[in-house]
Amino acid sequence: MALSGIEIYKHLPKTNCKKCGFPTCLAFAMKVSQKAIAITACTDLSETARAALEAASRPPIRLITIGGDSRKVEVGNEVVMFRHEKTFYHPPGLMIKLKDTAPLEATLKTVDEVANLVIDRVGLKLSLDGFAIQNESKDAATFARCVEAVKARADLPLVLMSPDPAAMEAALEKSARSRPLIYAATKDNWEKMAELAKKHSCPLVASEPASLDELSALTQKLNQAGVEDLVLDPGPQGFSASLNTLTQLRRLAVKKSFRPLGFPIITFPAETTGSPEEEVILAGQQIAKYAGIIVLSRFSPATAYPLLTLRLNMYTDPQKPIQMAPGIYPIGTPKPGSPLCVTTNFSLTYFSVATELEASGFPSWLLVCDTEGLSVLTAWAAGKFDAEKIAKSVKAFNVEASISHRSIIIPGRVAVLRGELEEELQGWKIMVGPPEAMEIGSYLKRYWTN
Amino acid sequence: MPVEVPVEKWAGKVNEVTLGGNGRKSIVIGGETTLPFLKIDGAMPHRPAIAVEVDDVMPADWSPHLIAAWGDALKDPAVWAKKAAEYGADIIVLTLDSAHPERGNTGAAEAKKTVEKVLAAVDLPVIIIGPDVAEKDNEVLIAASSVGRGQRLALGNCVDKNYRSVAAACIADGHVAIAKTPIDINLAKQLNILICDIGLAPDAILMDPTTGGLGYGIEYTYSVMERLRLAALIGDKMTSMPMICDVGEESWRQKEARATSGVPATWGDHQERALAWEGITGVSLLNSGADIVVLQHPRTIALIKDAISKLMA
Ligand code: B12
Ligand code: SF4
């Protein structure tokens, strides 16, 4: 939680010695609160004051990193209940569960599929984050072998799942350098699991289904044992319990700064649902409502894609839509005689159109107008995508120099712009495209002759 | 240190809106004194309802999976409505699409006939939606209003351009208006005020905040709904109307649900993806405050119905 200047000032020596470069301690405190300078610039800060300031300025939900340098997932450090209050920062990790009892061949096939799944959306690459490997065999050697094989195949973040410290130790020997998440410390095994977490510097899940009181007691014991990087497992949570429990945990952390429960939360939506379809719906709820790591029981690209999309949507900054730089974009390798289309600079809009143009077999020019990141109809309704704006963009980006013809295709949803645009762009042919980008290919086949 | 969970006590309450009755089954929507399904703070006395879309003309551009699921029922709104009831609909949404100037341009007479037919076919509460062209909406909604007099239908869309006539019809015939605004908290509130000013009771209004589908603006709808609901709970009477979301239409019209070819292999199985698209859009908007979700696929109806029961448990 960010501290105010006054709160910081309380901890300073108040001698105004100026060694930090500021005339007074208060002036320094104000700069620190604005994050313009680090607290360590005060040369006379006492150890206790430093510790107090550090504790007070810790984020309400600890940031936890799982995975090594090549691929990692960072979760936690959220500061609000609702995304409109600021934004949600760290998208939940989506992990696929593997069991060490499954034939290794099959497991590695899934590993390849998951690791190779990269979905292009809005110019971003969406993919799943890693694997949760369960020690279903209850055998340490089998578990370690499976973990080692998975890690060798794809170096993605891992959750190691076993209640048995010996099996965990064996698996950690094979994987600790990529900082897997240890699942889990319970009230029966916490001392040994804490040892392992410390020894291998890995984050640890505190698992306690009984109550939040007991969960908080467990995290405190783990903290005292020296483990700071924790993830919470409040036990199996169906639709209602998940919403209610995860909301309570988020509230305790961000509204009360309740440290013992200020950690990201891991969920297993399959545990409380009866079918793969239902699991996906619960996982969707948990993306919107406060999960930090979601372990899916099964991999299917058909459901990974919508979940990844929801995650992207929920964790987009509500203050600024993802947008493109305005300009004239070549799609494929267009020639001067290739089609010219016009659209807005909302990324989603741009990529919807660009993807279809690419697939259409017609290399094209795409003129992207500055609509402040608004979609076609939104921008039109807001007066930011009109004939004048399009005509100005044609001039501003010197479109006439790139193309030999004088035809421009406008989005079907703003067909009404045609008349005015004919006025604005004298000598041009204004063509009204289809309403959906999906239909651009067939439209070009029918109407583009050049 | 015992854990003391902070509880929010809200002063406000979402209005309770009744649909149906008078020989027809009735249903009460709204009434929350808490955020969606959060029983730690307050009560959610009525479960969110599932409405199912029925069109008066066979939809021209539907996904093959929807067409396969409904079959010939799509050709007759009465048959379609009956089937929707069997699949678990709480409410039927009859869309008078044929009145659209480009899709048939039918008028009041045809609208009356269709509405009569559908009202006779099912005993569920019914919502009537116009073709989304202001003058045509007025014509067919007013016709529908008189046919359904006393049966407490919901009529939409009631927008800034036509709210006077739709609200007047609701007052005259005892119906509920669906006030629709484009994803904006102030516009939503303003329209509610205007409708109330001409005399329609606040408990005869539902709000449609405009739905963005998954991947196509859902985050905007989600946040505007959360803000509208928070405003209602704080005590703002002019945002206390229950909300309705067109989840089905906005999910199934997207490429991810519709395109049968030319999509990347990474998108996986078409039907599974399309169903997840609708299911995830639905569950997200239920969690941000939807009191009625309009759905299209029978499988999603079952899944969302089950999820709602579990969220209410
Ligand atoms: C999300 C959203 C918003 C977001 C903004 C999102 C954004 N960054 O643009 C917010 C909440 C901010 C918003 C605000 C407003 N919105 Co708005 N919004 C939507 C919503 C839900 C989705 C829009 C979207 O993202 N679509 C997806 C993109 C990809 O679609 P697209 O840009 O049109 O592109 C598609 C096609 O046009 C085509 N295409 C694009 N370019 C080209 C080019 C060519 C050549 C071709 C052939 C095709 C093509 O391909 C794409 C895929 O098929 C729609 C309703 C809906 N359910 O669709 C309303 C909607 C667009 N909004 C509307 C309105 C009125 C507004 C406001 C003016 C309301 C207000 N008065 O405050 C404001 C204006 C904003 C402002 N003042 O700054 C209306 C427009 C009504 C109309 N017909 O004119 C709509 C239709 C809602 C409605 N039914 O009333 N909105
Ligand atoms: S160095 Fe520390 S004590 Fe000296 S003025 Fe700066 S803040 Fe105050």
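Leaving aside neighbours within four places in sequence, A:Ala132 is in contact with A:Met95, A:Ile96, A:Lys97, A:Leu98, A:Val159, A:Met161 and A:Val295, where contact means heavy atoms within 4.5 Å. The model is predicted, so local features need pLDDT of at least 70 and side-chain atom pairs count only at pLDDT 80 or more, whereas totals for chains, interfaces and linings use all residues. Residues are numbered from 1 along each chain as its sequence is written, chains are lettered from A and ligands numbered from 1 in the order in which they are written, and side-chain values use heavy atoms, with hydrogens and water left out.

**Confidence**

- The predictor assigns the complex an ipTM of 0.95 and a pTM of 0.92.
- Chain B has an average pLDDT of 96, and 100% of its residues score at least 70; pLDDT is the predictor's confidence in each residue, from 0 to 100.
- Where pLDDT is low, predicted coordinates should not be read in detail.

**Chain A as a whole**

- Chain A contains 17 helices and 17 strands; helices (H or I, at least four residues) and strands (E, at least two) are DSSP runs, numbered from the N terminus.
- The C-alpha trace of chain A spans about 80 × 70 × 40 Å along its principal axes.
- Of the 450 residues in chain A, 54% are buried; buried means under 20% relative accessible area, exposed over 50%, and partly exposed in between, with a 1.4 Å probe and protein chains only.
- Among contacts in chain A between residues at least 6 apart in sequence, 67% join residues at least 24 apart.

- A:Ala132 belongs to strand β6 (residues 130-134) of chain A.
- A:Ala132 counts as buried because its relative accessibility is 0%.
- From C-alpha to C-alpha, A:Ala132 and A:Leu232 are 15 Å apart in space, and they are 100 residues apart in sequence.
- A:Glu208 sits in the loop between β9 (204-207) and α8 (212-224) of chain A.
- With a relative accessible area of 3%, A:Glu208 is buried.
- The side chains of A:Glu208 and A:Lys187 are joined by a polar contact of 3.1 Å. A polar contact is a pair of N or O atoms within 3.5 Å; within protein, one must be able to donate a hydrogen and the other to accept it, and residues adjacent in sequence count only if both atoms are side-chain atoms.
- Apart from neighbours within four places in sequence, the residues in contact with A:Glu208 are A:Lys187, A:Glu214, A:Leu215, A:Leu218, A:Asp233 and A:Pro234.

**Ligand 1**

- Ligand 1 lies between chains A and B.
- Among the 41 residues around ligand 1, those that come nearest are A:Thr343, A:Thr349, A:Ser375, A:Arg413 and A:Glu436; a residue is near a molecule or strand if one of its heavy atoms lies within 4 Å of it.
- At least two residues of the shell around ligand 1 come from each of β14 (340-344), α12 (347-360), α13 (376-381) and β16 (407-410) of chain A.
- The largest share of this shell, five residues, is supplied by α13(A).
- A polar side-chain atom of A:Arg413 is 2.6 Å from an oxygen atom of ligand 1.
- A polar backbone atom of A:Gly373 is 2.8 Å from a nitrogen atom of ligand 1.
- An oxygen atom of ligand 1 lies 2.8 Å from a backbone N or O atom of A:Val376.
- The shell around ligand 1 has 24 nonpolar, 11 polar and six charged residues. Ala, Val, Leu, Ile, Met, Phe, Trp, Tyr, Cys and Pro count as nonpolar, Asp, Glu, Lys and Arg as charged, and the others, Gly among them, as polar.

**Ligand 2**

- The residues that surround ligand 2 include A:Cys17, A:Cys20, A:Cys25 and A:Cys42.
- By class, six nonpolar, three polar and one charged residues form the shell around ligand 2.

**Helix α5 of chain B**

- In α5 (residues 163-173) of chain B, the residues B:Tyr163, B:Val166, B:Ala167, B:Ala169, B:Cys170 and B:Asp173 are buried.
- Seen down the axis of α5(B), these buried residues fall within an arc of 155 degrees, so they line one face of the helix; the arc is that of the directions from the helix axis to the C-beta atoms.
- The face turned away from the buried side of α5(B) carries the exposed residues B:Arg164 and B:Ala172.
- The cover over the buried residues of α5(B) includes α4 (134-147), β6 (154-158), β7 (176-180) and α6 (185-197) of chain B.
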